[in-house]
Amino acid sequence: MLVDYILVGHGLAGSILANHLMNAGCSVMVFDDPTLSNSSKIAGGLYNPVTGRKMVKTWNADNLFSYLTDYYPKLEKQLGTDFLHDIPIYRPFISPEELNEWMGKSADIDYSSYVKQVHNSSAYGNQVSDDHGGILLNQSGFVDTAKMLFASTVFLTESRSLKNEYFDSSDLKLKADYVEYQGIKGKSIIFCNGHKSLGQQYFGWIPLRPVKGELLMIKTQEDLRVIHNRGVFIIPLGNGICKVGSTYDHQNLDENPTIEAKNQLVNKLNELVKFPYEIEYQLAGVRPATMDRKPIIGHHPEFKSLIAFNGFGTKGVSLIPYYAQQLVENLTEARSIDNEVNIERYFSLY
Ligand SMILES: Cc1cc2nc3c(=O)[nH]c(=O)nc-3n(C[C@H](O)[C@H](O)[C@H](O)COP(=O)(O)OP(=O)(O)OC[C@H]3O[C@@H](n4cnc5c(N)ncnc54)[C@H](O)[C@@H]3O)c2cc1C
């Protein structure tokens with residue numbers, strides 16, 4: 001069998017890259033072992049242009065957000081399902097100083113398109129503690145990642161482009177102008193295998209710094225129309241079910257829910273919300289983060305037909321579509337990959 005590209009991994013990275021490649025007229029074969037971890041399936045799925053304790057515009061936001069708001073609706077049409085929820089994020093202020101800062105900043109040309117409204121007094125006081133007001137963000141929301149991945153699995157299966165199998169690098173044959181794996185020949189192979197890249201034969205050297213994260217699924221009678229976000233985020237999935245997250249643990253990198261994370265999330269949730277809720281269950285996964293918090297994309301220093309598309313860390317939903325397009329342009333039109341995400345910045349580690 002002959003394809004243009006073999007992909008390893010069907011998380012957000014593999015599925016969105018496969019879609020971009022197919023849209024560019026390339027054939028793919030994606031290998032994914034569903035028994036392995038997949039942080040994409042459990043992720044909060046948030047895309048948030050203004051993040052962090054200091055509330056600053058997220059890195060490369062102008063490019064990433066204009067691309068993703070155009071891309072996901074097109075993907076929904078292609079896959080014939082709805083998974084994009086374009087809803088505001090509400091972040092209560094913790095002090096009058098924070099309110100004052102945002103009264104000024106919201107008029108700043110750099111921020112104005114991301115700010116829907118600055119409330120100078122409580123706007124959602126029946127739901128959350130927001131005595132100092134809060135900010136409602138634009139160009140924000142969440143992707144129901146599990147639903148998107150399921151639809152992509154169906155699409156790729158129908159196109160005979162997905163194998164639910166473990167990919168064993170030791171069976172890969174590297175030839176002068178093609179690669180071959182178990183009788184499938186391709187121009188190149190693209191590793192979209194998330195944190196499992198560590199310990200992997202060809203890209204085990206890239207400096208991933210995985211971070212475990214946990215979430216709670218809660219049930220409430222409260223009618224939530226925004227994503228509340230202060231200390232934790234609360235994403236209303238519908239029918240009273242909400243996803244609450246998330247924790248950050250650099251030490252323990254297994255995928256089992258812990259009582260410590262549950263307590264941490266419950267404490268932060270109780271600080272934020274005023275409504276009653278019940279905990280349904282808990283989820284855990286490992287984010288493929290990197291030392292410099294930027295993705296790692298590009299060709300292997302020695303074997304040019306091997307490509308990494310990884311390191312999307314805490315922000316896969318917003319980073320992956322834009323960089324999938326960039327990688328496809330690199331492969332099909334020899335366009336360059338941005339220096340900040342290019343794997344070449346780490347060649348000295350090989
Ligand atoms: C608790 C938590 C909350 C998060 N919340 C958000 C959020 O709100 N917004 C956001 O943007 N991001 C969030 N993230 C981060 C997001 O999940 C990641 O950025 C994204 O999922 C990375 O996707 P990926 O495809 O690179 O990796 P993964 O999702 O890990 O996918 C890798 C795939 O490769 C497969 N694989 C690996 N090795 C092999 C092999 N040898 N053979 C076959 N298959 C293989 C695995 O089975 C898996 O399917 C969160 C993550 C966690 C853990």
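Colleague: What makes this an open sheet of eight strands, and in which order do they come?

Modeller: First, a caveat: this is a predicted model, so local features need pLDDT of at least 70 and side-chain atom pairs pLDDT 80 or more, while totals for chains, interfaces and linings use all residues. Numbering starts from 1 along each chain as its sequence is written. Strands are DSSP runs of E, at least two residues, numbered from the N terminus, and two of them pair if DSSP finds at least two bridges between them. The order is β8-β9-β7-β17-β18-β19-β16-β20, with mixed pairing. The edges are β8 (115-119) and β20 (278-287), each pairing on one side only.

Colleague: How do you know that β8 pairs with β9?

Modeller: Four bridges join β8 to β9 (residues 134-137), and at least two are needed, so they count as paired. The two run antiparallel. V115, for instance, has L137 in β9 as its bridge partner.

Colleague: Which residues make up domain 2 and domain 3?

Modeller: Domain 2 is 88-139 and domain 3 is 211-287; the bounds come from an automatic or database domain assignment. Their centres, taken over C-alpha atoms, are 22 Å apart.

Colleague: What makes you say that these two domains are in contact?

Modeller: Contact means C-beta atoms, placed from the backbone, within 7 Å. By that rule, 10 residues of domain 2 are in contact with 11 residues of domain 3. On the domain 2 side, strand β7 (residues 89-92) gives the most, with four residues.
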